[in-house]
Structures are given as C-alpha cells and as structure tokens.
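Here are a few notes to go with the model, meant for someone opening it for the first time. Have a look at it, then read on.

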Amino acid sequence: MFKIKNWTRSVVRLVRSRGDSGMTTSEYAVGTIAACAFAAVLYKVVTSAAVMSQLQSLLKGALDAKF
C-alpha cells in the first residue's frame, strides 16, 4: 500500500511540474478558423447535387422498406 501511495504522489508531482499545457488565445483562434473552414467545406459537399440525390435515395429506400 505504501508503494502505491509513493508512486501516486510522484506521478502527481510530475504532472503538476509540467506547467500549463493548454492552448493559448492565438491557438484557439486558429482552431476556431480551421473548424469553421471545415464546416463550410462539409456544408458545400453535403448540399451538392450528387450527395443530395444519394441521401434522398437512401432515405426513400429506408422509408419504403417492407417489414
């Protein structure tokens, strides 16, 4: 039991000594811009004619399924 406590304490000390590992404000800004760009591309792909027709045929097949 004593070994586990010592190991746990050493791990906690190691994690705390690493400092701030979060993103800075500029990293949040770049991440937000990248997420918005990805969402815009995904929206364009999903609303394209080819994808829309495939989604419609998939939904039609699912709704017309015979049980």
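**Notes on the model**

1. Of the protein's 67 residues, 0% count as buried, where buried means under 20% relative accessible area, exposed over 50% and partly exposed in between (1.4 Å probe, protein chains only). Bear in mind that this is a predicted model, where local features need pLDDT of at least 70, side-chain atom pairs count only at pLDDT 80 or more, and totals for chains, interfaces and linings use all residues. Residues are numbered from 1 along each chain as its sequence is written, and side-chain values use heavy atoms, with hydrogens and water left out.

2. The fold is quick to describe: three helices and zero strands, in the order α-α-α along the sequence. Helices (H or I, at least four residues) and strands (E, at least two) are DSSP runs, numbered from the N terminus.

3. Areas come from the Shrake-Rupley method with a 1.4 Å probe; for residues, only the protein chains shown count as cover.

4. Which residues form the nonpolar patch on the surface? They are Phe38, Val41, Leu42, Val45, Val46, Met52, Leu55 and Leu58, with about 720 Å² of accessible area together. Helix H2 (25–46) and helix H3 (49–63) are the elements giving two or more residues each, and H2 provides the largest share, five residues.

5. Phe38 sits in helix H2 and counts as exposed because its relative accessibility is 57%.

6. From first C-alpha to last, H3 reaches 21 Å, close to the 21 Å expected at 1.5 Å a residue (1.5 Å times one less than the number of residues).

Methods: Patch = residues over 30% accessible without salt bridge, like charges linked within 9 Å, V, L, I, M, F, W, Y side chains within 5 Å. Salt bridge = Lys/Arg side-chain N within 4 Å of Asp/Glu carboxyl O.
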